[in-house]
2 protein chains.
Amino acid sequence: MQKYFANGKELRTACRHGDWSGPTPGQANGYVQANLVMIPRQLAFEFMLFCQRNPKPCPLIEVTEAGDPCPANVAADADLRSDLPAYRIYQQGVLVAEPTNLKAYWREDLVSFLIGCSFTFENALIQAQLPVRHLEQGSNVPMYKTNIPCRPAGPFRGPMVVSMRPMTPAQALSATVICSRFPLSHGIPIHLGDPQVIGINDLSRPDYGDPVEIRPNEIPVFWACGVTPQAIVVDSRPEFVITHKPGHMFITDLHDQI
Amino acid sequence: MQKYFANGKELRTACRHGDWSGPTPGQANGYVQANLVMIPRQLAFEFMLFCQRNPKPCPLIEVTEAGDPCPANVAADADLRSDLPAYRIYQQGVLVAEPTNLKAYWREDLVSFLIGCSFTFENALIQAQLPVRHLEQGSNVPMYKTNIPCRPAGPFRGPMVVSMRPMTPAQALSATVICSRFPLSHGIPIHLGDPQVIGINDLSRPDYGDPVEIRPNEIPVFWACGVTPQAIVVDSRPEFVITHKPGHMFITDLHDQI
């Protein structure tokens, strides 16, 4: 049975004690969710430049100084080394581990970037009676690599990743208006309709997350996604990077309308 | 007699050839103006973190890689070493020179930050019949250090600087609605009315720019200002920093409604 947490602090505490390692769609409704990227100080400027140059997939919510595991401005009592459900460890662009905490991996030269997440606006979509299929299915959102190049910065280059939610055209238009209120959670969609236009050949086989049903009257609607840095890491092969596991986000204490 | 340039390229070209060294309010109407900060690569991450943590005074429009004097995304043919009317050179936090180009000062390790400027929305204020007193007077905008602390990052800490425009209360409210459309040009005001609330004791003696007349039915209206990094540099004493001279901005090729 799915367990639901009322806010970021409850979910973070459960993660910290090893009591939760699942994905976070539908969790802590009303609170801002965030992607995590930890990068050595040596590359932190170039990665931050990458985010500044690609604000649709990489809107910055909070950045720590090197060696500081606490994102004080968004969750004063949090520890980014333990408070997410699951992590990914990349060495030279290769995924080498998927731990549930960072005890064995933390380094004092790591800078942590928290990047907005589209899960943040899903509560507002539901309040407006719009469908969020992966929540209906109890699964993770489907995410796809596209053929849209990001603007490079330093060694960081590669394609944009998108999340997808099926809707009718009229629902997609309503969702666009709602999402325009959430610029730090990827804002409005970047595409809708034919997935091949953005280089996606098979919607039933997402690169990250789970596939969802698309009904006959629906079209796929695509949002820029904070998993983009993980595709970039694979292409750019920096020495060492830690991220969240896709769909398994950090939940802040910020209320969702930022 | 005041000379007016039609767009960013014309003004940049005049600066490059030594034909213009004046302030830029009212210049190149319809184009985005920007503050400049050049910082050695060694401190670039911490300065970018400072901007991310203080988005009202320091909204980032463009950031270059170290050694690149061209802000390609906002003005493809520009050279930041020559295309501003005047610069300031700071060593250990001390203003040591105010040249009109950087021939004698450029270093290959410099990263350039372009930060939004409130001059960008003044054209929209005028279109709405709102007063912009320093334009009426043909002077620079008055700017003041406040007692509002910025959120620190690395060695960078100090007070926010604000620009001021006098208006009636009703005009201030209209200006707020208009400025909400310009989040990358400091957006809505941060204060209006009693200047002592934000630590300003004498409006007739601005810390930067020129004083302006405040009429009996008017109140001062304050916007976060991109000169803030210059107050920060004085307090934080980094080894070497180049900025624009206050009020003497870089003008981009971007149209103003961003």
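This briefing covers the symmetry, the chain interface, the salt bridges and the pockets of the structure above. The model is a predicted one, and a rotation of 180° with 0.0 Å of shift along its axis brings chain A onto chain B with an RMSD of 0.0 Å. The two copies are thus related as by a two-fold rotation axis.

**Symmetry and interface**

- In chain A, Phe45(A) has the C-alpha nearest the axis, at 2.2 Å from it.
- The two copies use the same surface, since 100% of the contact residues of chain A recur in chain B.
- Contact between the chains involves 22 residues of chain A and 22 residues of chain B.
- About 1,700 Å² of area is buried between chain A and chain B, and carbon and sulfur atoms give 48% of that area.

**Salt bridges**

- Between chain A and chain B the count is 6 salt bridges, while a search of the whole structure over all chains finds 34.
- One of the pairs joins Arg53(A) to Glu65(B), with the closest N and O atoms 3.2 Å apart.
- Within chain B, Arg12(B) and Asp77(B) form a salt bridge in which the closest N and O atoms are 2.9 Å apart.
- Because Arg12(B) lies in helix α1 (residues 8-16) of chain B and Asp77(B) in the loop between β2 and β3 (87-91) of chain B, this pair ties together parts that are 65 residues apart in sequence.

**Largest pocket**

- The largest pocket has a volume of about 1,400 Å³, and its lining is made up of 45 residues.
- Nearest the centre of the largest pocket lie Pro55(A), Leu60(A) and Leu184(A) from chain A, together with Pro55(B) and Leu184(B) from chain B.
- At least two residues of this lining come from each of α2 (41-53) and β2 (60-63) of chain A, and likewise from each of α2 (41-53) and β2 (60-63) of chain B.
- By residue class, the lining of the largest pocket divides into 28 nonpolar, 9 polar and 8 charged residues.

**Second largest pocket**

- The second largest pocket holds about 160 Å³ of space, and 13 residues line it, of which Arg16(B), Ser82(B), Thr100(B), Asn101(B) and Lys103(B) are the closest to its centre.
- The lining of the second largest pocket divides into 6 nonpolar, 4 polar and 3 charged residues.

Technical notes. Residues numbered from 1 in each chain as written. Chains lettered and ligands numbered in written order. Predicted model: local features only at pLDDT ≥ 70, side-chain atom pairs only at ≥ 80, totals over all residues. Heavy atoms only, no water. 1 Å grid on protein atoms, 1.4 Å probe; cavity = no way out; pocket = protein on both sides within 12 Å on 5 of 7 lines; lining within 4 Å. Points joined across faces, edges and corners; volume = space filled by probe spheres on them. Helix = DSSP H or I, 4+ residues; strand = E, 2+ residues; numbered from the N terminus. Nonpolar A, V, L, I, M, F, W, Y, C, P; charged D, E, K, R; others polar. Least-squares fit on C-alpha atoms with pLDDT ≥ 70 in both. Contact = heavy atoms within 4.5 Å. Buried area = accessible area lost by both parts, 1.4 Å probe. Salt bridge = Lys/Arg side-chain N within 4 Å of Asp/Glu carboxyl O.
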